[in-house]
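Let's take a walk through this chain together, strand by strand. Have the model open beside you as you read.

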Amino acid sequence: MSANQMTNEKKQEEILNFDKPTYKFSPNEHHDWRQEGPFLVCKSCDITHSISIGMDKILVGFDKKGKPIIKKRQIV
Ligand SMILES: [Zn+2]
């Protein structure tokens, strides 16, 4: 039996100024995804962006279209 660790995360609110965008983000077709913990972080775009996949997922490769293939981590 294991107790779930519940952590209270305070939401950090940021105020962003969208009136004068300093960049124009146009996503590329291909992304150089690297797994960093529970996130896939793109290293190829001008803007670093990431998607959350969860702690129990693992990046195993890419399909023909360059989309990341994610599998559920096998916990032994
Ligand atoms: Zn990207």
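In what order do the three strands of the open sheet lie, and is their pairing parallel or antiparallel? The order is E1-E2-E3, and the pairing is antiparallel. Strand E1 (33-36) and strand E3 (50-52) sit at the edges, each pairing on one side only. Averaged over this sheet and ignoring direction, neighbouring strands are turned by 25° against each other. Keep in mind as you look that this is a predicted model.

Now zoom in on one pair of neighbours. Strand E2, residues 39-42, meets E3 in the antiparallel sense through three bridges. One place to look is Leu 40, whose bridge partner in E3 is Ile 51.

For a landmark, find Lys 57, which stands opposite Lys 72 in E5. E4 and E5 make a hairpin with five residues between them, and in its turn Gly 66 has a positive phi of about 85°.

Stepping back, what pattern does the chain follow along the sequence? The pattern is β-β-β-β-β, with five strands and zero helices. Across the 76 residues of the chain, 3% count as buried. Among contacts with a separation of 6 or more, 11% come from residues 24 or more positions apart.

Terms used
Residues are numbered from 1 along each chain as its sequence is written. This is a predicted model: local features need pLDDT of at least 70, side-chain atom pairs count only at pLDDT 80 or more; totals for chains, interfaces and linings use all residues. Two strands pair if DSSP finds at least two bridges between them. Helices (H or I, at least four residues) and strands (E, at least two) are DSSP runs, numbered from the N terminus. Axes are lines fitted to C-alpha atoms, for helices over the stretch in contact, and angles run from 0 to 180 degrees between N-to-C directions. A residue is buried if 20 or more other C-beta atoms lie within 10 Å of its own, exposed if 12 or fewer, and partly exposed in between; C-beta atoms are placed from the backbone. Two residues are in contact if their C-beta atoms, placed from the backbone, lie within 7 Å.
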